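Morning, everyone. Please put the structure up on the screen, and I'll walk you through it.

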Amino acid sequence: MNFHIMTLFPEMIQQSLSNSITGRASDKGYISFNAVNIRDYTNDYKHHKVDDYTYGGGAGMLMQAQPIYDCYLSIKNKISEKTDKKPRVIYVTPQGSVFNQKMAAELAKEEDIIFLCGHYEGVDERVLEEIVTEYVSIGDYVLTGGELPAMVMIDAISRLVPGVLSNDESAMTESFNNNLLEYPQYSRPEEWMGKKVPAILLSGDHKKVDEWRLEQSIIRTKERRPDLYEKWLLENPPKPEKKK
Ligand code: ADE
């Protein structure tokens, strides 16, 4: 999977993602990061400007269409040397659909994804109309730029690309499987600050352990994420009690 990121701050992306699991996965060739500086594509050779005032007035500057479009074309041309498939182009914006695990899983099937990171007050609408295939937000709050949201999505997508996680890391039971949050977990020692590991986890009875974990997942989801719990309940309605 190749991630192409159009940004004014390529070092921010390249440095962050070259650490930890994403860094290891890119060293091994499972994923690659291609952070491209939009400023390198400006036609303003004197001042390297990429933004300008907004027509109609209003505070702040807008990223102009031309440097973004030319940056996009250079990435797209490289991709089309390998494949005829048109790449998906995600504009990260608080005005998009909210990113979730299901979207991450779906995007993990792509060979190439292009992210556009905005800055200032936004981007000229015309270039968005021309190149963007989807608008995606990471939540209902406003950040200073699109780099962090793009990295959040790239991290979540990367760990679902086959080979990126080791068997140990890719636990099948993790939060959001089935609309349930993950159950509580414990490691050594058996007792810490007077708190004991639940006895059932030491019992060696795998069936009982699985039942306990499911029960804990349900309790935790109901408490912390009632919205998810409602969804889970719709798919897992309580069984009617048998009449005696
Ligand atoms: N840019 C600024 N805030 C954002 C958000 N919440 N999601 C995606 N992109 C953004």
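Domain bounds here come from an automatic or database domain assignment. For this chain, that assignment gives domain 1, residues 2–158, and domain 2, residues 177–235. Their C-alpha centres lie 38 Å apart. Keep in mind that this is a predicted model.

Start with helix H1, residues 10–17. Which residues of H1 are buried? They are Pro10, Ile13 and Leu17. Look down the axis of H1: these buried residues fall within an arc of 70°, so they line one face of the helix. Now turn to the face of H1 away from the buried side. There you find Glu11 and Gln15, both exposed.

What covers the buried residues of H1? The cover includes strands E1 (2–7) and E2 (32–37). It also includes helices H2 (20–27) and H6 (147–158).

Next, the core. The largest nonpolar core has 39 residues. Among those with the most contacts inside it are Phe3, Met6, Ile68 and Leu116. Take Ile68. Leaving aside neighbours within four places in sequence, Ile68 is in contact with Met6, Ile38, Met63, Leu116, Val123 and Val127.

Last stop, the ligand. The residues around it include Val92, Thr93, Pro94, Tyr141 and Pro149. Which strand gives the most to this shell? Strand E5, residues 88–98, with three residues. The shell divides into seven nonpolar residues, four polar and no charged.

That's my tour. Over to you.

Definitions and conventions:
Residues numbered from 1 in each chain as written. Predicted model: local features only at pLDDT ≥ 70, side-chain atom pairs only at ≥ 80, totals over all residues. Buried ≥ 20, exposed ≤ 12 C-beta atoms within 10 Å, placed from the backbone. Helix = DSSP H or I, 4+ residues; strand = E, 2+ residues; numbered from the N terminus. Arc of directions from axis to C-beta. Contact = placed C-beta atoms within 7 Å. Core = buried A, V, L, I, M, F, W, Y, C linked by C-beta atoms within 7 Å. Near = placed C-beta within 6 Å. Nonpolar A, V, L, I, M, F, W, Y, C, P; charged D, E, K, R; others polar.
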